[in-house]
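Have the model open beside you as we go.

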Amino acid sequence: MSSKTLTVPARLLRRCFHKPRRVFHVDPVRLYYGSPQVVTGSAVRTVDLRSDTVTKPGAAMRRAMAEAEVGDDVFGEDPTVNELQKFAADMFGMEAALYVPTGTMSNLIAVMVHCRERGDEMIVGDLSHIHVYEQGGSAQLAGVHSAVVTTLGDGTFDLDQLISKIRHGYPKPHYPRSRLVCVENTHNIQGGRVLPLSFLQELRSVADKFGLAVHMDGARVMNAAVALGIQPNVILQHCDSVSVCLSKGLGAPVGTMLGGSKDFIQRAVRARKALGGGMCQWGILATAGKIALSDMIDRLEEDHRNARRFAQGLLQCDPPLYHVDLTTVETNILRFRLQDTQMTPAEFCERMTSVDEEEVKALGQGLQVLMFPFVGNTVRAVWHLGISEEDTQLAILKAQFVAQQHKLKSIREA
């Protein structure tokens, strides 16, 4: 991309310097999983990079849902659900699979099945989704204690530290019993990082040595498979169970697949029922899941390209406001920093959602780009099927505009 593409005209900068700006009101986006108010008007376009969970089913998927054959899944009689479960199990290289309403429920079911007694313990990364974003459900609802290991920059953790966390000497009365290790692939907080196969192989050896099960929170494991250029079962051969979301980049409106052995899934059916996840005629949703797994995986590569294109665009911005480590941009999630500490991530996200007259004059339309202030004083942006290459280019232009306005503000204040 040429620098000319990213340059806002000098006359616009002079206007920004000398004239007050009239701003259209927009509620700031400040919190992860927040719900900003979207600016309305013909001159405003929204590029939603908050999460790949905001995707919506397309026309073909909606038609398939309307025409789906259904039955009572609690009785095991929904043919579309049964087909989806068989399809997923084959794809995962596992004996069986279970359709579950949400990823959080799926992870909790896995913990409940692997850790069969209250007071059992699982070992998780301190920045894992299970530990940070699922309300401690394993403790609240399953009575399972968590021990944490330090999450490294690539989403892995030190296996020697893991070994040091394993409890020994059960049934001594003082300690919980170590039962399970959980990993996350791709790793959300660490910016969509893909777990190396070598790490998973070594983890499997450690787990086998100490009698532990391995569960993968694979909400975005299809992104990992696409990034590595391999089939999902190559990754999942190192795990006893996996939870795979259909409602992120794969575009289904709802649903997660839980995979494992036949015995594991039989127990998982009981846990799902206890948690209120037993559904009846939900082949209407399962047919969207079938399309997600059969037709939508290859398109994830487009999301990866757009995320990297945006990252490269940030590095080309003049003045330089953004810091991005391109070696960490592996899939559809991007984390970046602001080089000027005078602008916080929350202020940056607020500015990316606001639209003013000068922006409309410069770019021909108002652009509202939704992102989140994220952990570690960073900003997170996520690409998905609702974001095109054109959307990505427009988001780069908005980031350039914000950088130039921030420079003018700094000059005025100086």
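Q: What makes H4 and H11 a pair in contact?
A: Met105, Ile109, Ala110, Met112, Val113 and His114 of H4 meet Phe264, Arg267, Ala268, Ala271 and Arg272 of H11, and contact means heavy atoms within 4.5 Å. By class, this contact of H4 with H11 has 8 nonpolar, 1 polar and 2 charged residues. Here Ala, Val, Leu, Ile, Met, Phe, Trp, Tyr, Cys and Pro count as nonpolar, Asp, Glu, Lys and Arg as charged, and the others, Gly among them, as polar. The model is predicted, so local features need pLDDT of at least 70 and side-chain atom pairs pLDDT 80 or more, while totals for chains, interfaces and linings use all residues. Residues are numbered from 1 along each chain as its sequence is written, and side-chain values use heavy atoms, leaving out hydrogens and water.

Q: Why are H4 and H11 called oblique to each other?
A: H4 and helix H11 (residues 262-274) pack at about 120 degrees, with their axes 9 Å apart. Axes are lines fitted to C-alpha atoms, for helices over the stretch in contact, and angles run from 0 to 180 degrees between N-to-C directions. Angles under 35 degrees count as roughly parallel, over 145 as roughly antiparallel, 65 to 115 as roughly perpendicular and the rest as oblique. H4 and H11 are therefore oblique. Their crossing is right-handed; the near helix is then turned clockwise from the far one by less than a right angle, and anticlockwise in a left-handed crossing.

Q: What makes H2 oblique to H12?
A: Helix H2 (residues 59-66) and helix H12 (residues 283-295) pack at an angle of about 140 degrees, their axes 8 Å apart. That makes H2 oblique to H12. H2 passes H12 in a right-handed crossing. From H2, Ala60, Met61, Ala64 and Met65 take part, and from H12, Ile284, Leu285, Thr287, Ala288, Ile291 and Ala292. This contact of H2 with H12 has 9 nonpolar, 1 polar and no charged residues.

Q: Why are H3 and H12 called roughly parallel?
A: Helix H3 (residues 79-92) packs with H12 at about 25 degrees, with axes 8 Å apart. H3 and H12 are therefore roughly parallel to each other. The crossing of H3 and H12 is left-handed. Residues that meet include Thr80, Val81 and Glu83 in H3 and Gly283, Ala286 and Lys290 in H12. The contact of H3 with H12 divides into 7 nonpolar, 5 polar and 2 charged residues.

Q: What makes a set of grid points a pocket?
A: On a 1 Å grid over the protein atoms alone, a cavity is a set of points where a 1.4 Å probe fits but cannot get out, while a pocket is an open set with protein on both sides within 12 Å along at least five of seven lines. The second largest pocket holds about 350 Å³ of space, a volume being the space filled by probe spheres set on the points, which are joined across faces, edges and corners.

Q: Which residues lie nearest the centre of the second largest pocket?
A: They are Thr53, Gly103, Thr104, Cys245 and Lys248, out of 25 lining residues; lining residues have an atom within 4 Å of a point. Helix H4 (residues 103-114) gives the largest share of this lining, 3 residues. By class, the lining of the second largest pocket has 7 nonpolar, 12 polar and 6 charged residues.

Key
Helix = DSSP H or I, 4+ residues; strand = E, 2+ residues; numbered from the N terminus.
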